[in-house]
Amino acid sequence: MGLKKKLVAQVRNPSGKLGRFIARGMNKGHAKLAKWGISKILIKPDYFILDIGCGGGGNLHRFGEMIKDGKVYGIDSSETSVNISKKINKNQIDNGIIEIQKASVSSLPFNNNFFNLVTGFESYYFWPDLIKDLNEIYRVLKPKGKLILVNEGYLCDNTKKRKKAEKWSILGNFHIHSPKEYEDFLTKAGFINIQIFEERKKGWIAVIGVK
Ligand SMILES: C[S@@+](CC[C@H](N)C(=O)[O-])C[C@H]1O[C@@H](n2cnc3c(N)ncnc32)[C@H](O)[C@@H]1O
């Protein structure tokens, strides 16, 4: 396997020593994108938040700092990601603010109508069955709860960024979409009041849907 393929396989499923390095690296590498995405949503101190594909746990930490009476949950299908997230958030886990477990987006270990906010940063690309997985997110959201997807790669107007995203998606065999396609698949999954934010120069997209 070439180096680029190896890298993208690790981003999809961090594992072993390289996976630990990648998961930690993503906390740094995705920080600006994550902060930009988070700035698009109002987070109240009593929110129950779920971050899907939490990776190295950087966003769990950010949310943990923002909530008071609520709680932050993280899931990831990679054991390596879960372990790094737990290490990085040890204090907030001990204080009962954050809880992290290994799980897939396709089968969320939570009750119906539980979360105010579900987030996915650089994660939806790899979800195995997009509409079914979005239905599963819809199930765990409270009525009027929000989903936000924040991504660095999408089919944008910026040709250079779009070509780069397309190249990686082919290499890693994962899906990327245009803003219109985001709107369509979220609508198909039952979400309403869809908002789309683009940072075209950087090739960033943040999409919000409401239950
Ligand atoms: C590119 S990383 C992003 C990590 C983190 N959200 C960030 O922004 O740095 C993608 C993460 O999604 C996880 N992932 C992939 N498929 C998943 C699935 N079906 N369910 C839950 N997590 C998944 C991977 O294990 C990986 O940790």
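Which strands does helix 5 lie across, and at about what angle does helix 5 run to strand 3? In this predicted model, helix 5, made of residues 79-88, lies across strand 2 (71-76) and strand 3, and its direction is at about 165° to that of strand 3. Let us stay with this helix for a moment before moving to the sheet. Its buried residues are Thr-80, Ser-81, Val-82, Ile-84, Ser-85 and Ile-88. The cover over them includes helix 2 (16-29) and helix 4 (58-66), along with strand 2 and strand 3.

Seven strands form an open sheet with mixed pairing, and their order is 3-2-1-4-5-7-6. Strand 3 (98-102) and strand 6 (192-199) are the edge strands, each pairing on one side only. From one strand to the next, the twist averages 15°.

Strand 1 pairs with strand 2 in the parallel sense, over five bridges. There, Asp-51 stands opposite Gly-74 in strand 2. Strand 6 and strand 7, in turn, run antiparallel and are joined by six bridges. In that pair, Ile-196 stands opposite Val-207 of strand 7.

Five of the five residues in strand 1 (residues 48-52) are buried, so the rest of the structure largely encloses it. Phe-48, Leu-50 and Ile-52 point one way from the strand, while Ile-49 and Asp-51 point the other way, and all are buried.

In soluble globular proteins, nonpolar side chains tend to be buried together. Here the largest nonpolar core has 46 residues, and Ile-49, Phe-115 and Val-118 are those with the most contacts inside it. Strand 7 (residues 204-210) gives the most to this core, contributing five residues.

What does Phe-115 touch, beyond residues up to four places away in sequence? Its partners are Phe-48, Ile-49, Leu-50, Val-140, Leu-141, Lys-142 and Gly-145. Val-118 also has a partner to follow: Ile-137, which lies in helix 7 (residues 130-140), is in contact with Val-118 and Leu-147 once neighbours within four places in sequence are left aside. Is Ile-137 buried or exposed? The cut-off for a buried residue is 20 or more other C-beta atoms within 10 Å; Ile-137 has 26, so it is buried.

Asn-113 belongs to the loop between strand 3 and strand 4 (115-121). Asn-113 counts as exposed because it has 12 C-beta neighbours inside 10 Å. Its backbone is also worth checking in your viewer: Asn-113 has a positive phi of about 55° although it is not a glycine.

Asn-173 sits in the loop between helix 8 and helix 9 (179-188). With 12 other C-beta atoms within 10 Å, Asn-173 is exposed.

Helix 8 leads on to a helix pair. Helix 1 (residues 3-12) packs with helix 8 (residues 159-172) at an angle of about 85°, and their axes are 9 Å apart. That angle is why helix 1 is roughly perpendicular to helix 8. Where they meet, helix 1 brings Lys-4, Lys-5, Val-8 and Arg-12, and helix 8 brings Trp-168, Leu-171 and Gly-172. The residues of this contact divide into three nonpolar, one polar and three charged.

Our last stop is Lys-202, in the loop between strand 6 and strand 7. Lys-202 has 14 other C-beta atoms within 10 Å, so it is partly exposed. From Lys-202 to Asp-76 is 126 residues in sequence and 26 Å in space, C-alpha to C-alpha.

Note on methods: Residues are numbered from 1 along each chain as its sequence is written. This is a predicted model: local features need pLDDT of at least 70, side-chain atom pairs count only at pLDDT 80 or more; totals for chains, interfaces and linings use all residues. A nonpolar core is a set of buried Ala, Val, Leu, Ile, Met, Phe, Trp, Tyr and Cys residues joined through C-beta atoms within 7 Å. Helices (H or I, at least four residues) and strands (E, at least two) are DSSP runs, numbered from the N terminus. Two residues are in contact if their C-beta atoms, placed from the backbone, lie within 7 Å. Two strands pair if DSSP finds at least two bridges between them. Axes are lines fitted to C-alpha atoms, for helices over the stretch in contact, and angles run from 0 to 180 degrees between N-to-C directions. Angles under 35 degrees count as roughly parallel, over 145 as roughly antiparallel, 65 to 115 as roughly perpendicular and the rest as oblique. Ala, Val, Leu, Ile, Met, Phe, Trp, Tyr, Cys and Pro count as nonpolar, Asp, Glu, Lys and Arg as charged, and the others, Gly among them, as polar.
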